[in-house]
Amino acid sequence: MPEQFNNLKLTRIAGGMEYLLWLNLIGKSRTTGWKWRKPGPNGEPPRVVCCRIDNTLYITQKEIDRFWAQAEAGKFEVD
């Protein structure tokens, strides 16, 4: 089993990962990650909710799953 796949499997078991690592895995920048954590201009909730542990941002597996479910439903599509 490739090491990268094994590490992602362990991340799921652990319940999440560092937010910056997740952004890197999906090919998004730190700036995009910052924008996603802020509420929308019309009071929409942020795209992702992170938690801070020892001054490091983490994203839970539950939040990752919620994000992808919303993406698949077309919530983030731009007209």
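What percentage of the 79 residues of the protein chain count as buried? In this predicted model, 22% of the 79 residues count as buried, where buried means under 20% relative accessible area, exposed means over 50%, and partly exposed lies in between (1.4 Å probe, protein chains only). Local features need a pLDDT of at least 70, side-chain atom pairs count only at pLDDT 80 or more, and totals for chains, interfaces and linings use all residues. Residues are numbered from 1 along each chain as its sequence is written, and side-chain values use heavy atoms, with hydrogens and water left out.

**View 1. Overview of the protein chain.** The secondary structure comes to 4 helices and 3 strands, and from the N terminus on the elements run α-β-α-α-β-β-α. Helices (H or I, at least four residues) and strands (E, at least two) are DSSP runs, numbered from the N terminus. Among contacts with a separation of 6 or more, 37% are between residues 24 or more positions apart, a contact being heavy atoms within 4.5 Å. The chain exposes about 6100 Å², of which carbon and sulfur atoms supply 53%; accessible areas come from the Shrake-Rupley method with a 1.4 Å probe, and for residues only the protein chains shown count as cover.

**View 2. The largest nonpolar core.** This core is made up of M17, Y19, W22, L23, W36, V48, L57, I59, I64, F67 and F76, 11 residues in all. A nonpolar core is a set of buried Ala, Val, Leu, Ile, Met, Phe, Trp, Tyr and Cys residues joined through side-chain atoms within 4.5 Å. Helix 2 (19–25), strand 3 and helix 4 each supply at least two residues of the core, and the largest share, 3 residues, comes from helix 2. When residues up to four places away in sequence are not counted, V48 touches Y19, W22, W36, R37, I59, E63, R66 and F67.

**View 3. Aromatic rings around W22.** The structure holds 6 aromatic pairs. Rings of Phe, Tyr and Trp (its six-membered ring) pair if their centres lie within 6.5 Å, and planes under 30 degrees apart count as stacked, over 60 as edge-to-face and the rest as tilted. The rings of W22 and W36 have their centres 6.3 Å apart and their planes at 55°, so this pair is tilted. The pair links distant parts of the chain, with W22 in helix 2 and W36 in helix 3 (residues 30–36), 14 residues apart, and both W22 and W36 are buried. The rings of W22 and F67 have their centres 5.3 Å apart and their planes at 90°, so that pair is edge-to-face. This second pair also links distant parts of the chain, since W22 is in helix 2 and F67 is in helix 4, 45 residues apart; both W22 and F67 are buried. Ring pairs link Y19, W22, W36, F67, W68 and F76 into a cluster.

View 4. At 1.5 Å a residue, the 12 residues of helix 4 should span 16 Å, and the end C-alpha atoms are 16 Å apart, which agrees; the expected span is 1.5 Å times one less than the number of residues. The buried residues of helix 4 are Q61, E63, I64, F67 and Q70. The structure holds 1 salt bridge, defined as a side-chain nitrogen of Lys or Arg within 4 Å of a carboxyl oxygen of Asp or Glu. In this salt bridge the side chains of R66 and E63 meet at 2.4 Å, N to O, and both residues lie in helix 4 (residues 61–72), 3 residues apart, about one turn of the helix. An α-helix has 3.6 residues a turn, so residues three or four places apart point the same way. R66 is partly exposed at 31% relative accessibility, whereas E63 is buried with a relative accessible area of 10%.

View 5. Q70 is found in helix 4 and is buried, with a relative accessible area of 17%. Not counting residues up to four places away in sequence, Q70 touches R47, K75 and F76. Helix 4 is followed by G74, whose phi is positive, near 85°.

**View 6. The loop between strand 2 and strand 3.** D54 is found in the loop between strand 2 (51–53) and strand 3 (56–60), and N55 is found in this loop as well. D54 has a positive phi of about 50° although it is not a glycine, and N55, also not a glycine, has a positive phi of about 65°. D54 counts as exposed at 76% relative accessibility, and N55 is exposed with a relative accessible area of 64%.
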